[in-house]
Amino acid sequence: QVQLVESGGGLVPPGGSLRLSCAASTGIFSIVAMGWYRQAPGKQRESVANISITGGTTYTDSVKGRFTISRDNGKTTVYLQMNNLKSEDTAVYYCNTIRGQWDWGPGTQVTVSS
């Protein structure tokens with residue numbers, strides 16, 4: 001079973017930045033497209049950003065220009081750099097394949113508040 005462990009969340013004021021990391025315990029990481037997701041209280045989990053095996057990226061409209069997804073295949077880790085954070089970014093953030101094929105990790109809480 002692949003284990004996903006997210007980290008890097010925290011409490012930041014509006015306009016602040018955070019860098020999330022997600023380590024995957026799998027030897028096939030380099031050939032899997034990965035994504036970051038988030039779930040706010042009372043809402044469904046949504047896709048935030050995806051990165052292909054070749055490094056191509058896509059973002060949901062609400063985070064374009066503020067978030068950057070990247071990956072380090074040697075470390076089997078995917079990152080999410082989040083800048084200019086807004087209160088509506090408050091959520092638990094998760095990573096998974098772009099199809100959500102692996103067991104979900106515990107996520108990391110991001111709270112944007114003054």
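Reader: Let's start with Glu-46: buried, partly exposed or exposed?

Author: Burial is read from relative accessible area, with a 1.4 Å probe and protein chains only: under 20% is buried, over 50% is exposed, and partly exposed lies in between. Glu-46 comes out at 32%, so it counts as partly exposed. Before we go on, keep in mind that this is a predicted model: local features need pLDDT of at least 70, side-chain atom pairs count only at pLDDT 80 or more, and totals for chains, interfaces and linings use all residues. Residues are numbered from 1 along each chain as its sequence is written, and side-chain values use heavy atoms, with hydrogens and water left out.

Reader: Got it. How do I read a salt bridge, and which residue does Glu-46 form one with?

Author: The rule asks for a side-chain nitrogen of Lys or Arg within 4 Å of a carboxyl oxygen of Asp or Glu. Glu-46 pairs with Arg-38, and their closest N and O atoms are 2.7 Å apart. Arg-38 has a relative accessible area of 6%, so it is buried.

Reader: How many salt bridges does that rule give?

Author: The count is 4. Among them is Asp-89 with Arg-38, where the closest N and O atoms sit 2.9 Å apart. That one links distant parts of the chain: Asp-89 is in the loop between β8 and β9, Arg-38 is in strand β4 (residues 34-39), and 51 residues separate them. Asp-89 also meets Arg-66, at 2.7 Å from N to O. Here the partners are 23 residues apart, with Arg-66 in the loop between β6 (57-59) and β7. Arg-66 is buried at 8%, and Asp-89 is buried at 1%. Put together, Arg-38, Glu-46, Arg-66 and Asp-89 are linked in a network of salt bridges.

Reader: Now the strands. In what order do they sit in the open sheet?

Author: Strands of a sheet pair through backbone hydrogen bonds, either parallel or antiparallel. Strands here are DSSP runs of E, at least two residues long, numbered from the N terminus, and two of them pair if DSSP finds at least two bridges between them. In this model 4 strands form an open sheet in the order β1-β3-β8-β7, with antiparallel pairing. β1 (4-7) and β7 (67-72) are the edge strands, each pairing on one side only. Inside the sheet, β3 (residues 18-24) and β8 (residues 77-82) pair over 6 bridges, and Leu-20 stands opposite Leu-80 in β8.

Reader: Which cysteines does the disulfide join?

Author: A disulfide is a pair of cysteine sulfur atoms within 2.5 Å. The structure has 1, and it joins Cys-22 to Cys-95, with S to S at 1.7 Å. Cys-22 lies in strand β3 and Cys-95 in strand β9 (residues 91-97), 73 residues apart. Both of these cysteines are buried.

Reader: What does Met-82 touch?

Author: Contact means heavy atoms within 4.5 Å. Leaving aside neighbours within four places in sequence, Met-82 is in contact with residues including Leu-18, Leu-20, Arg-66, Phe-67, Tyr-93 and Val-110.
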